[in-house]
Amino acid sequence: MGNDREHRIFNPRMECMSRDERAQLQSERLVQTVRYEYDHVPVYRARMDAKCIRPEDIHGIEDLKYLPFMEKTDLRDQWPFGLLAAPKRDIVRIQGSSGTTGHPIVSGYTRNDVDVWSEMMARTLTAAGCTPDDIVQVAYGFGLFTGGFGAYQGADKIGAMVLPMSSGNTQRQILMMKDLGVTMLCCTPSYAAYLGETVRDMGLDPNVDLKLKAGCFGAEPWTEEMRVHIEELLGIDACDIYGLTEIAGPGVSFACLEKDGMHINEDHVIAEIINPATGEPLPYGESGELVFTTITKTGMPMLRYRTHDICSLNPEPCACGRTTVRMTRITGRTDDMLIIRGVNVFPSQIESVLVGIKGVAPHYMLVVDRVNSSDTMEVQVEMTEEMFSDTISHIEQVRKNITDQIKSVVGIATNVKLVAPKSIPRSEGKAKRVIDHRKL
Ligand code: DLL
């Protein structure tokens, strides 16, 4: 899909203000948030005291670097309500995440926080072209996971027609999409790819039988190659959206139809990139760990919260008219990185190779193990139906090609195994791409 669409902006005042004006606004809001957090959250007050920092030492965004970090472990240590800054009676919603390491985390949102989040999601959907004339199918799960409610709230704020399907029941999703003339889709990118394949398996042509024009996909890492693949499969514009429960759910940042990075809602959060090893802030353009400070949240504000997500920031104004800093696609998480025989490997590197190869579907699983004290990685990838019935020598040729390409991208030899179509489990939510037997 091209990027010559008309750019719609939900809140031009906030999304297009000058960078100086925004810095001023952020500074004022930061000063208030630090004072509020210090006065209401004992564990953060103790941490500031330990560093001899008083709220009155923070005058604006230039002082952000003096504040202590917060971590996911803080949410676990203070489980469930130790980080609440507002009284419990002011909390109107709990959302949560299963997290990657087992113990769930929850965050409490006040009415203000839900409103801010809805505004961020309204901006997100508008940037992908949503108007009150649209029909929005929400196939993110509804529940503690923020995807379903977030997309619902944003579409509702715009005044679009919302179809709150939640995840799963793929054939019924497609039936509704077709019969109701759904124009926008919200789900994880892995589920969007699965929906796209199923549409075709059902004998439907998305460009003829469906009215879909765009989708807002996120909640898991995905590559630029996967974005193009989904756009072709469904005949739509596919926009990346990012967020996390601790900050606000989806909508913290979003791609516009230029699809050149995700605009951060900087009137509500301040983003930094740090060196994950030293904690030092890094300049624009350098890749590192993304850190967020909320500046309008009242339920459970987060100061310098380490996301463990890896990306870089771009302050250049966008052709869409927004002036907000954009973050690049997330290339991985500091804790998702696999170390195979001493080499750092991100699942997204493997995905970018696989999506570009004809004859295989973008469904894969990385199986990591340790054999005779040496790490091994098997890349299981599905063949398309066509490839499955091809000659053994051609299949072997494709397998060898994948092996060579992965080696040239990640620098290590892997064992590539082509598996039967539809044999890798499909996900309706966040995809699981790695089985690491070394950790089991
Ligand atoms: O995944 C919120 C969300 C819902 C975002 C729907 C987008 C769409 P959590 O369950 O708390 O919240 O997980 C947050 O998911 O730290 C990232 O590691 C990952 N993540 C979220 N969006 C993206 C994305 C939701 N666009 C964690 N690209 C984050 C890559 C993403 N990773």
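Which residues of helix H7 (residues 170-180) are buried? I looked them up in this model, which is predicted.

**Helix H7**

I found Thr170, Gln173, Ile174 and Met177 as the buried residues of H7. Buried here means under 20% relative accessible area. I then looked down the axis of H7. The buried residues fall within an arc of 95 degrees, so they line one face of the helix.

Next I asked what the buried residues of H7 pack against. I noted strand S3 (135-138), strand S5 (184-187) and helix H8 (189-201).

I also checked what follows H7. Gly181 comes after the helix, and its phi is positive, near 70 degrees.

**The whole chain**

I stepped back to the protein chain. I listed 13 helices and 21 strands in it. Its radius of gyration is 22 Å, close to the 22 Å that the globule rule gives for 440 residues, so the chain is as compact as a globular protein of that length. I read the span of the C-alpha trace along its principal axes as about 75 × 60 × 40 Å.

I looked at burial again, now for the protein chain. Of its 440 residues, 55% are buried. I turned to contacts between residues at least 6 apart in sequence. Of these, 66% join residues at least 24 apart.

**Surface and charge**

Last, I looked up the charges. The protein chain has 48 positive and 60 negative charges. Their mean positions are 3 Å apart.

How values were computed
Residues numbered from 1 in each chain as written. Predicted model: local features only at pLDDT ≥ 70, side-chain atom pairs only at ≥ 80, totals over all residues. Heavy atoms only, no water. Buried < 20%, exposed > 50% of the residue type's maximum accessible area, 1.4 Å probe, protein only. Helix = DSSP H or I, 4+ residues; strand = E, 2+ residues; numbered from the N terminus. Arc of directions from axis to C-beta. Contact = heavy atoms within 4.5 Å. Rg over C-alpha atoms; globule rule 2.2 N^0.38 Å. Lys, Arg positive; Asp, Glu negative; His and termini not counted. Charge placed at Lys NZ, Arg CZ, Asp CG, Glu CD.
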